[in-house]
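Here are my notes for anyone opening this model for the first time. Have the structure on screen and go through the points in order.

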Amino acid sequence: MIETGFAYIASLMAIGGLIRLTETTTRHRLFEYLPGVVMLYFIVMVLASLGLWSWTDDVTAVNSTLKSDLLPAMIFLLLAKADLRRIVKLGPRMLLAFAAATISIMIGFVVAFAIFQNWLEPHAWKAFAALSGSWMGGTGNMLAVQAALEVPDSSIGYTLLMDSVDYALWVVILLALVPFANRFNRWSGADSGVIDKVSASLAAAETGKPIDLTSILFLLGAALTVSAVSQALAAYAPTSAFFSTGTWAIFIATLIGVIAAMTPLGRMPGAIELGNVLLYAMIGLIASQADFAGLAKAPLYIAAGLVVLAVHGLCLAAAAKVFRLDLFSCGVASLANIGGVASAPILAAAYSEALVPIGVLMALLGYIVGTGGGLFVGKLLSLMI
């Protein structure tokens, strides 16, 4: 049994590292349906249920301190590549598709919660809000919404289960639709020729610089400094039941990250990699406090997630017909929200490898709007109670 804070965090990082190593070296098909972050959560949760960690004062203090300190740093790093000037070059068609995808996901969560709320716990709206943050930009946004709304760690198990099962099904559907892109485009009246031109300009903007010690050391120091500054400034911001000090810290870190992305710092390699290291650490810290208690109601959450996706798909198809959007734009915009950086480029590559940069940038746009979108959904759901 682990009883010291250092051994506790060391074990979590070791587990995360082994999972990532297994995922990248074996490329087992299991990871297509259960991403590494999801497997990390459930493996750590099982170990926590078996009593691997003893919640001494030292372990508890390390868990609490690292969660509050690493989250703003992680958000800053994940946004450091989100240069808005480059994202705008995607053109109004792609941005319109992204907006339609984001809004339809919000509508889906409202509809699903309205249908299932009578069978869910009183505070289930917080878990739905956390998942909406994930489905509008990635797991990092889910953690940000969780911190802002103070979602219990036990409830995150539901959101990750919904994220894993429903997300996997949605990826399969979107990939299966790729051969029907021409038919869809004829039905919607879209002209997809402009996508190739945008892709070429975005690909030319990539620097391709290798990660080196200088960039890693500087970015790590910058991220930790941003976290410290964000928390210090948040202490002076007005708070309420909905906007806590933690919420302000997250928003401040987000703003700094967006601004930094438009400076030379945004061209430094390694930000995404370092951000994902902190993401794995955060998932481990959260999962270590959770267990399997209460998962008997998981089928309700999975069904609710399917309703969200159904509403999202129908609304997005309707938007494609009205605004003459092509299937590529709609599909990548959808996965840029729901899957983030891990999935959008994969779908883009299914159309053409030259289009991968668009998938990456669309996913980065999701990182920008995900936290705010999740908090907005949370506000709407709280008003429905």
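At what angle do helix α1 and helix α4 pack, and how far apart are their axes?

1. **The α1/α4 pair.** Helix α1 (residues 5–26) packs against helix α4 (residues 57–79) at an angle of about 55°, and their axes are 8 Å apart. That makes α1 oblique to α4. On the labels: under 35 degrees is roughly parallel, over 145 roughly antiparallel, 65 to 115 roughly perpendicular, and the rest oblique. Axes are lines fitted to C-alpha atoms, for helices over the stretch in contact, with angles running from 0 to 180 degrees between N-to-C directions. From α1, the residues Gly 5, Tyr 8 and Ile 9 meet Asp 58, Val 59, Val 62, Asn 63 and Leu 66 of α4. Contact here means heavy atoms within 4.5 Å.

2. **What you're looking at.** This is a predicted model, where local features need pLDDT of at least 70 and side-chain atom pairs count only at pLDDT 80 or more, while totals for chains, interfaces and linings use all residues. Residues are numbered from 1 along each chain as its sequence is written, and side-chain values use heavy atoms, leaving out hydrogens and water.

3. **The chain overall.** You'll find 18 helices and 0 strands; both are DSSP runs numbered from the N terminus, helices being H or I with at least four residues and strands E with at least two. Of the 385 residues, 54% are buried. Buried means under 20% relative accessible area, exposed means over 50%, and partly exposed is in between (1.4 Å probe, protein chains only). Among contacts with a separation of 6 or more, 85% are between residues 24 or more positions apart.

4. **One salt bridge.** The count comes to 1, a salt bridge being a side-chain nitrogen of Lys or Arg within 4 Å of a carboxyl oxygen of Asp or Glu. The side chains are those of Glu 23 and Arg 20, at 3.6 Å from N to O. Both sit in helix α1, 3 residues apart, so about one helical turn separates them. Glu 23 counts as buried because its relative accessibility is 18%, whereas Arg 20, at 44%, counts as partly exposed.

5. **Two buried spots.** Asp 166, in helix α9 (residues 153–176), is buried with a relative accessible area of 0%. Beyond its neighbours within four places in sequence, Asp 166 is in contact with Trp 135, Tyr 301, Ile 302, Gly 305, Leu 306 and Leu 309. Ala 130 belongs to helix α7 (residues 124–134) and is also at 0%, hence buried. Leaving out residues up to four places away, Ala 130 touches Met 142, Val 145, Val 151, Ile 156 and Thr 159.

6. **Leu 306 again.** This residue of helix α15 (residues 298–323) is partly exposed at 38%.

7. Most residues other than glycine have a negative phi. Arg 324 is not a glycine, yet its phi is positive, about 55°. Look for Arg 324 in the loop between α15 and α16 (327–338), where it counts as exposed at 54% relative accessibility.
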